[in-house]
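Colleague: I would like to go through this structure and ask what stands behind each term. Please set each value against its definition.

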Amino acid sequence: MTEPGHLVDELVTELPGWLPSQRWFAGKDRPVTAVRPLGVTVLLDGDPQLLHVVVEVIQGDRQEPYQLLVGRRSHPPEIASASWIGADGGLNFYEASGDADLTAVLLDKIVAEESAGSLVFEHEPGAQLSGGLRGRPITSEQSNTSLVYGGQYILKLFRKLSPGTNKDLLLHRALQAAGCEHIAEVVGSITGELAGEPTTIGMLQVFLSDAVDGWAMATTSVRDLMAEPELRPEELGGDFAGEAERLGTAVAKVHADLASALGTEPVDDDELDRTVKAMADRLDEVARDVPELAEHVPELRAAFDTVRELPPGATPISMQYIHGDLHLGQVLRTVGGWLLLDFEGEPAAPVAERHALRSPLRDVAGMLRSFDYAAQQLLVGQPDDPALTERALEWARRNRAAFCEGYARGAAAPIGDPREHGELLRAFELDKAVYEVAYEHANRPDWLAVPLAAIARITHGGE
């Protein structure tokens, strides 16, 4: 086999053209100008060969590190065509997360608690693990790559790396230690090194085969509603409001457990000013890039400024760790209840921002926006139909209210009833909608009307 160093030299010449085609690559908004290797570790030598490669992707003034699993073998596996990167010495090299034989190596090393170069594979204290399982990727994953092993474990590989313990692993460990019932158990991890600091590479959890994605459940309910125009949402067999209420209670419990496990900080006198400035800065940045937002800027700015004028005591009394990117795609329904996933925070946000203590109202706002998305998704790209639009809004209002009701009833809900903080919650929801405008403009232009319509409704008192 070719020496790893030579292979990586060949690899980086192919990556500027290959990376933008990968779902998990976060830099699709600008061209890749260069790729620089930061480290390579041989995980399996011979034929087949498996390398763990960390590269720095340079896009103008932005440099971000990513990890790759690179495979080479004389008899190529059956994997997606998008995984093929290039060729060297007559052999193809490819992104190996779809090669079940090679990904088995990762779990086996966690079970054995081995090390390879700067990589450390270990299981959590007391975890009893089984090896010898092949890993298959979950195709719906976007910003990371998750591998399922035999229906027993799921290994998340964090594609874009940052020094230190990943927030997802940090919060899962804290919640697990607190006995939280609304997360999947963490049983192992992979740690590497970046900028001289230990860095989370992957997190292994128990896989729950009976789990159903919250987005799938909600959108199925919406389809049922659209198919039965003569029935009200509560009359449908697929009414989601009961689940929305139970989900609200689960989120409140997770917030309470995070506050207990990792502590809180009081809201100081300048917090509202910092909050409003961050909202205004985001608004200015997005409005420069998205002309369709321009007509809403005055109302948005006024809504954000209202937060600055709130009287003392009108805001939640403390800041804490929160999920940071909560929506229906980040929750699972099992026979035992709702579970929350992916505590990394907004993928596009800087690491420091994701780790910052925030108001739990931000998570509530994110879920409220997700109910709106679920309600509207069948209407995207379709001719305007006022009757269907009203049906969608009716579903969203019912489930938003149920979620808030469930949150208010949650054990030790840190902020009580979210609706009691109406103006601040409204501002957080609008700020999230501005974020969505930027995302849809860059990635899914057909969906841009969803957050824009929500901004128009909220700023004019429609929600």
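Modeller: Start with the second largest pocket: 19 residues line it, and Gln 22, Trp 24, Ser 83, Ser 97 and Pro 137 lie nearest its centre. This is a predicted model, in which local features need pLDDT of at least 70 and side-chain atom pairs count only at pLDDT 80 or more, while totals for chains, interfaces and linings use all residues. Residues are numbered from 1 along each chain as its sequence is written, and side-chain values use heavy atoms, with hydrogens and water left out.

Colleague: What makes a set of points a pocket, and what makes it a cavity?

Modeller: Both are found on a 1 Å grid over the protein atoms alone: a cavity is a set of points where a 1.4 Å probe fits but cannot get out, and a pocket is an open set with protein on both sides within 12 Å along at least five of seven lines. A lining residue has an atom within 4 Å of a point. Grid points are joined across faces, edges and corners, and the volume is the space filled by probe spheres set on the points. For the second largest pocket that volume is about 400 Å³.

Colleague: How do its lining residues divide?

Modeller: The lining of the second largest pocket has 6 nonpolar, 9 polar and 4 charged residues. Here Ala, Val, Leu, Ile, Met, Phe, Trp, Tyr, Cys and Pro count as nonpolar, Asp, Glu, Lys and Arg as charged, and the others, Gly among them, as polar.

Colleague: How many cavities of 30 Å³ or more are there?

Modeller: The count comes to 4. The largest cavity has a volume of about 260 Å³ and is lined by 20 residues, with Ile 322, Gly 324, Glu 346, Arg 358 and Arg 362 nearest its centre. Its lining divides into 6 nonpolar, 3 polar and 11 charged residues. Helix H9 gives the most to this lining, with 4 residues.

Colleague: Why is helix H4 called oblique to H9?

Modeller: Helix H4 (residues 214–227) and helix H9 (residues 361–376) pack at an angle of about 45 degrees, with their axes 8 Å apart. That angle makes H4 oblique to H9. Angles under 35 degrees count as roughly parallel, over 145 as roughly antiparallel, 65 to 115 as roughly perpendicular and the rest as oblique. The axes are lines fitted to C-alpha atoms, for helices over the stretch in contact, and angles run from 0 to 180 degrees between N-to-C directions. Helices (H or I, at least four residues) and strands (E, at least two) are DSSP runs, numbered from the N terminus.

Colleague: What makes E6 and E8 edge strands?

Modeller: An open, antiparallel sheet has 7 strands in the order E6-E7-E11-E12-E10-E9-E8. Strand E6 (115–116) and strand E8 (135–137) each have a single partner strand, so one side of each is left without a neighbour in the sheet.

Colleague: How do you know that E6 pairs with E7?

Modeller: Two strands pair if DSSP finds at least two bridges between them. E6 and strand E7 (residues 119–123) have 2 bridges, in the antiparallel sense. Ser 115 has Val 120 in E7 as its bridge partner.

Colleague: Which strands form the sheet that holds E16?

Modeller: That open, antiparallel sheet has 3 strands in the order E13-E16-E17. Strand E16 (residues 331–334) is joined to E17 by 4 bridges, and the two form a hairpin with 2 residues between them.
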